[in-house]
Amino acid sequence: MSHGHTHTATDQHRDHDHDHDHDGHEHAHDHGGLGGHHHHGGTGKVLIFSLLLTLSFAFVEAIGGWWAGSLALMSDAGHMFTDSSSLAIGAFAAWMAKRPVSRMHSFGLQRAEVLGALINAVLMIVVVVAIAVSAIERFADPREVAGVPVMIIAAIGLVMNIAVAAILMRGEQTMNVRGALIHVIGDLLGSVAALAAGLIIILTGWMPIDPILSLLVSALILVSAWRLLKEVVHVLMEGVPKGVDARQVSRALADVAGVQSVHDLHIWSLSSSQRALAAHVEIDRMSDWQAILPRLQTLLAEEFVITHTTLQPEDRQTALDCAVDPDCGIAT
């Protein structure tokens with residue numbers, strides 16, 4: 001989807017009531033055709049490669065953790081299995097986001113990455129709760145843990161997680177990739193915890209360290225997952241994008257030469273990398289609009305990184321006439 005230009009609100013927008021149930025918006029932003037789309041290059045490949053690495057080692061950790069009797073190691077394996085599912089969800093969402101626009105989805109499917117991040121955040125919270133329950137049960141029923149195998153497997157897992165995290169951090173930082181990265185960083189912390197648990201058990205024989213470290217890692221992951229979940233919900237609720245002040249945008253638009261005022265301003269996120277804006281712009285004369293519009297476009301793109309916009313011009317004199325004439329606009 002090519003978003004480098006701005007549509008004026010002509011006949012197709014005159015009846016736009018700006019209630020911003022964005023089904024209406026999607027039809028308004030046809031972009032003159034249905035052929036283009038905006039996509040994130042390479043995101044899907046990065047996620048798929050990370051998925052294969054993570055899934056392969058998750059089996060190793062699960063078997064090793066069960067054999068060694070280590071909850072820390074098995075919780076790390078559980079993290080890795082959820083990582084695998086999160087990466088699979090992320091790769092699918094990245095593929096969906098690259099689908100072209102259609103008559104049913106005139107914005108394309110860019111929101112797929114947001115939905116992928118939502119699923120991953122919820123999934124991670126569920127896993128954290130399950131691990132916490134197992135850890136609490138382990139306090140009541142302590143089990144013997146084989147320290148040396150735990151350390152060996154955890155060390156290999158640590159290297160694996162560092163590699164996957166490095167791959168993801170080098171890719172485009174969409175909300176979708178960040179959701180997958182939270183899982184992988186959680187895994188990395190899990191490997192560190194399992195490594196520490198194995199070392200302490202070897203040196204001291206103190207078994208409670210295994211569930212204690214599992215709870216600590218779970219708490220850290222829960223914080224990251226909760227932050228991502230709040231951000232995803234904000235986007236789905238059409239919140240103003242993070243780092244954008246709607247009042248500042250309104251003032252900046254109103255300061256453009258030829259503009260009298262701005263109202264019915266709405267700003268929202270289509271995806272991690274795409275912001276949208278719609279507003280009514282009151283000007284002195286409609287004949288000035290062709291000169292004013294490029295100034296508004298440039299301002300929004302350069303100052304606020306907003307490139308997908310719907311701006312509806314309004315004649316100030318007509319608005320003033322209507323304010324005093326109750327029959328204004330009524331056909332005779």
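Among contacts in the protein between residues at least 6 apart in sequence, 77% join residues at least 24 apart. Contact here means heavy atoms within 4.5 Å. The model is predicted: local features need pLDDT of at least 70, side-chain atom pairs count only at pLDDT 80 or more, and totals for chains, interfaces and linings use all residues. Residues are numbered from 1 along each chain as its sequence is written, and side-chain values use heavy atoms, with hydrogens and water left out.

The mean pLDDT of the protein is 75; pLDDT is the predictor's confidence in each residue, from 0 to 100. A value of 70 or more is reached by 75% of the residues. Over residues 1–41 the pLDDT is below 50, yet this stretch has 99 contacts in the model beyond near neighbours in sequence. Where pLDDT is low, the predicted coordinates should not be read in detail.

The protein has 11 helices and 4 strands. These are DSSP runs, numbered from the N terminus: helices are H or I with at least four residues, strands are E with at least two. Of the 332 residues, 46% count as buried. Buried means under 20% relative accessible area, exposed over 50%, and partly exposed in between, with a 1.4 Å probe and protein chains only.

Turn to strand S4, residues 308–315. Of its 8 residues, 6 are buried, so the strand is largely enclosed by the rest of the structure. S4 pairs with strand S3 (residues 274–283) in the parallel sense over 8 bridges; two strands pair if DSSP finds at least two bridges between them. One such link joins glutamate 282 to its bridge partner in S4, glutamate 314. From S3 the chain crosses through helix H10 (residues 289–304) to S4, and this β-α-β crossover is right-handed. That is, with the strands pointing away from the viewer, the path from the first strand over the helix to the second runs clockwise.

Valine 305 lies in the loop between H10 and S4. Its phi is near 55 degrees, a positive value in a residue other than glycine. Most residues other than glycine have a negative phi. At 55% relative accessibility, valine 305 counts as exposed.

Next comes helix H9, residues 246–254. Its buried residues are Val249, Ser250, Ala252 and Leu253. They cover an arc of only 165 degrees around the axis, which puts them on the same side of H9. The arc is that of the directions from the helix axis to the C-beta atoms. On the other side of H9, Arg247 and Arg251 are exposed. The buried residues pack against strand S2 (259–271), S3 and H10. Aspartate 245 caps the N-terminal end of H9, with a side-chain oxygen 2.9 Å from the backbone nitrogen of arginine 247.

Valine 262 shows the strand side of this packing. The residue is found in S2 and counts as buried, at 14% relative accessibility. Leaving aside neighbours within four places in sequence, valine 262 is in contact with Ser250, Leu253, Ala254, Ala279 and His280. Valine 262 and glutamate 282 are 20 residues apart in sequence and 6.1 Å apart in space, C-alpha to C-alpha.

Glutamate 238 is found between helix H8 (209–236) and H9. Its phi is near 60 degrees, again a positive value in a residue other than glycine. Glutamate 238 is partly exposed, with a relative accessible area of 26%.

Definitions and conventions:
A polar contact is a pair of N or O atoms within 3.5 Å; within protein, one must be able to donate a hydrogen and the other to accept it, and residues adjacent in sequence count only if both atoms are side-chain atoms.
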